[in-house]
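User: I am new to this structure and would like a short tour. Could you show it to me before we talk?

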Amino acid sequence: MDNARTLAIRSLIETLERGAYSNLEIKRTLGRSDLSVGGRALYKQLYFGTLERLRLLDHLLSQASKMKLSKMSPLLLNALRVGAYGLCFTDLPPAKTVNETVALLKKKAPNAAGLANAVLRHLPPIPEHLPPAVRYSVSDAVYARLHTVLGEETDAFLAGTLTPAPITARVNTRKTDRESLIHMLSDQGVTATPADRPDALTLSLSGALEALPAYRDGLFHLQGLSSQTAVATLDPKPGEILLDLCCAPGGKAFTAAQYMQDRGQIFGFDLHEHRVDLIRAGATRLGLSSLTAQTADATGDLDVPLADAVLADVPCSALGQISRRPELRYADPDIAAITRTQSAILENAARVAKSGVELIVRTPVVPGFNDTPEEIGAILDSG
């Protein structure tokens with residue numbers, strides 16, 4: 001089977017050449033591999049870290065290579081990127097990093113091995129003075145958009161996105177409680193500590209989440225604290241009808257179902273069938289029967305009863321998620337198009353809500369961001 005370095009290179013190609021989402025690519029790759037616990041951790045570090053530092057790494061490689069990066073094959077270029085990341089941002093022995101990269105290319109692209117050896121051995125140190133978009137590895141368009149909102153705080157924000165984001169989870173209160181789950185996870189090699197929300201945990205683990213018995217048994221699901229706050233603000237009650245218009249992968253609907261003691265009706269919608277499948281799978285794992293997931297366009301007609309509450313986590317630029325989805329660092333979101341979609345979904349949400357009920361909109365304090373620590377659930381009157 002392929003080693004961690006080979007899998008990291010392959011995942012980079014899937015993301016950069018074919019548009020694979022990093023979170024789904026990690027899950028797909030690890031689901032098919034037989035890597036050890038250490039190998040899995042190294043794969044995630046090399047893949048995610050290289051993607052996170054991509055622009056800076058390309059800058060360094062372009063200084064060391066006589067061949068333009070644009071002329072390189074995806075295999076060679078991404079092997080060099082992973083090698084450069086290992087040299088600059090890990091404690092891996094430099095000689096081992098170079099030798100493993102060269103050995104890999106000798107097997108898969110023999111003509112490129114000599115070039116890779118020369119480039120990595122002549123890789124320059126990171127310069128002290130670099131344009132901030134290069135230093136923090138974002139596109140010029142993303143940097144400009146962030147600077148419009150954050151001004152002088154832009155660089156500090158971007159520096160913070162290069163710090164690993166905490167893993168937060170929500171206890172499945174239909175099956176267990178927080179203290180019991182903390183002890184159970186400890187027995188399974190996971191450090192779990194109470195987070196700043198009721199029934200929320202911060203997790204520290206080295207292995208695969210999906211391999212944990214507590215996860216397989218549906219005792220918790222991953223969910224950011226801002227999402228948990230939005231559902232707490234809505235505070236759905238047993239017997240109510242709730243609509244989640246932008247539901248996938250389903251975390252807020254799962255939490256709402258637990259607030260409702262799994263009694264009532266929750267309709268969760270997403271535009272794509274494969275994402276609806278994620279909602280259904282999650283509800284099954286957690287043992288929740290009140291949630292019905294359907295494929296539908298949240299801007300169009302919805303065949304549902306009028307709701308007691310509506311949750312709308314509308315599409316956004318997602319720039320606040322770049323610490324979790326590093327491929328977004330190089331995007332250029334069409335804010336005008338996103339705003340039109342947001343408006344259409346919110347207008348539709350008001351149409352399917354009973355008069356006078358609450359419509360919860362997940363909205364960041366800083367416009368254009370998503371899932372920032374300061375994010376709050378705002379309440380709009382639909383009546």
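User: What should I know about the model before we start?

Analyst: This is a predicted model, in which local features need pLDDT of at least 70 and side-chain atom pairs count only at pLDDT 80 or more, while totals for chains, interfaces and linings use all residues. Residues are numbered from 1 along each chain as its sequence is written, and side-chain values use heavy atoms, with hydrogens and water left out.

User: How far apart are the end C-alpha atoms of helix 6?

Analyst: They are 22 Å apart, which agrees with the 21 Å that the 15 residues of helix 6 (residues 94-108) should span at 1.5 Å a residue. The expected span is 1.5 Å times one less than the number of residues. Helices here are DSSP runs of H or I with at least four residues, numbered from the N terminus.

User: Which residues of helix 6 are buried?

Analyst: They are Thr 97, Val 98, Thr 101, Val 102, Leu 104 and Leu 105. Seen down the helix axis, these residues fall within an arc of 160°, so they line one face of helix 6. The arc is taken from the directions from the helix axis to the C-beta atoms. Buried means under 20% relative accessible area, exposed over 50%, and partly exposed in between, with a 1.4 Å probe and protein chains only.

User: And what covers those buried residues?

Analyst: The cover includes helix 1 (4-18), helix 5 (74-89) and helix 7 (110-121); contact means heavy atoms within 4.5 Å.

User: Which exposed residues are on the face turned away?

Analyst: That face of helix 6 carries Lys 106 and Lys 107, both exposed.

User: Changing topic, how many salt bridges are there?

Analyst: The count comes to 14, where a salt bridge is a side-chain nitrogen of Lys or Arg within 4 Å of a carboxyl oxygen of Asp or Glu. One of them joins the side chains of Arg 81 and Asp 58, at 2.8 Å from N to O. Arg 81 lies in helix 5 and Asp 58 in helix 4 (residues 54-64), so this pair ties together parts that are 23 residues apart in sequence.

User: Are Arg 81 and Asp 58 buried or exposed?

Analyst: Both Arg 81 and Asp 58 are buried.

User: What about Glu 273 and Arg 280?

Analyst: Their side chains meet in a salt bridge at 2.9 Å, N to O. Glu 273 counts as partly exposed because its relative accessibility is 39%, and Arg 280 is partly exposed at 36%.

Methods
Helices (H or I, at least four residues) and strands (E, at least two) are DSSP runs, numbered from the N terminus.
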